[in-house]
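Here's a quick tour of a few spots worth a look. Have the structure open and follow along.

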Amino acid sequence: LLFIGHEPLFSFKYKDKKFYLLRGNTMELLPKINHKFDMVFADPPYFLSNNGKTIQSGKIVSVNKGKWDKSHGFDYINNFNRKWLKQVRELMKEDATIWISGTMHNIFSVGQILTELDFKILNIITWQKTNPPPNFSCRYFTYSTEQIIWARKSKKVPHYYNYKLMKQLNGDKQMQDVWKLPAIARWEKSCKKHPTQKPLSLLTRIVMASTKPNDWILDPFTGSSTTGIAANLANRRFLGIDKETEFLDISKCRKNEIENKEKAKL
C-alpha cells in the first residue's frame, strides 16, 4: 500500500499482507492513500440514534449506537455522505464498484449523492432479515429490512459481476435483488459484538459477486471488519479504517481467529 507523504501508522498489519487496519478519522486518512481499490463496501452511520427503544433477546434496549450515529439534520447528512463518497471515488479503479448499506434514515441521501457524483447505480439490494426484532411500539409494521446500494464508478466502463456463481448459489436461477439472510449468529460474536455488525453471510455474497481472487477491498467504516473477514476467507486483500480502538480490537481478534487452525477444527 502506498501513501502520500508519511505513511500512516497501521493499527494492525497481518503477516500475510492481506489484512490492514488504520485507526483514525476516515475523512482525514482517505486523502493520504495512494492506492486504487477493486471494490468498496461502506456501512456509514445511519443517523438513527434518536433515543428510541427496541427489543433485543427479549429485552427492551435503546436504539442509540453512539455519538457518531446521532442525526444533526438533513443538510448535515448530505454533506457527510458527499464528502466521504468524493474521497472514496478517487481511490476506486475505473471498473470498481461500491456497496453502501443503509435504512430510510440515510439511504435516500446516499442514492442522491451517488447520482450527483456521476456513479451508475446497478441495484438496490433489499436484505430481508429472517429473524428481525419485533416492533416495540406496535404502531408500525415490523422493521425487517435494510437496503444496500450497488453502484459502479463509471457509467461507461463495465464492472465485474460473477453471474454464474450467483446463479449457481440460487438453485440455478437468476439471483434477485431481495436476499433473505439472518442477522448475525452467536458464533459471530465470539470476539465481542459491534452495535451495527453485519452477518458474514451477507458480506461473503457481496465479495464473491463483485470481486476476483487477490482483489483489493476497502471499508472506510470498518467497525468489526466483517468485510475483511469475508475478503480474506475468499482470498481477497483488505484495508479497513475506523477511529474507535474498541472496534479495531474486535477486528484484530476476528482476523486472528480465522487464522487459528486449532479453532478452525472445533
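## Buried spots and a surface patch

Leaving aside neighbours within four places in sequence, L85 is in contact with I98, I100, V110, I113, L114, L117 and F119. Bear in mind that this is a predicted model. L85 itself sits in helix α2, residues 74-90. Its C-alpha atom is 10.0 Å from that of P220, a residue 135 places away along the chain.

N106 is another one to click on, this time in the loop between β6 and α3. Not counting residues up to four places away in sequence, N106 touches P44, P45, Y46, N81 and S101.

Here's how the two compare on cover. Buried means under 20% relative accessible area, so both L85 and N106 qualify.

| Residue | Location | Relative accessible area |
|---|---|---|
| L85 | helix α2 | 0% |
| N106 | loop between β6 and α3 | 1% |

M104 is in that loop too, between β6 (92-102) and α3 (107-116). Together with F108, Y140 and Y143, M104 forms a nonpolar patch on the surface, with about 520 Å² of accessible area in total.

Now jump to helix α6, residues 226-233, which is mostly covered: 7 of its 8 residues are buried. Those are T226, T227, G228, I229, A230, A231 and N232. What do the buried residues of α6 pack against? The list is β2 (19-23), β3 (37-42), α5 (200-210), β10 (216-219), β11 (237-242) and α7 (245-258). Just after α6, N235 takes a positive phi of about 65°.

How values were computed
Residues numbered from 1 in each chain as written. Predicted model: local features only at pLDDT ≥ 70, side-chain atom pairs only at ≥ 80, totals over all residues. Heavy atoms only, no water. Helix = DSSP H or I, 4+ residues; strand = E, 2+ residues; numbered from the N terminus. Buried < 20%, exposed > 50% of the residue type's maximum accessible area, 1.4 Å probe, protein only. Contact = heavy atoms within 4.5 Å. Patch = residues over 30% accessible without salt bridge, like charges linked within 9 Å, V, L, I, M, F, W, Y side chains within 5 Å. Areas by Shrake-Rupley, 256 points an atom, 1.4 Å probe, with all protein chains shown as cover. Salt bridge = Lys/Arg side-chain N within 4 Å of Asp/Glu carboxyl O.
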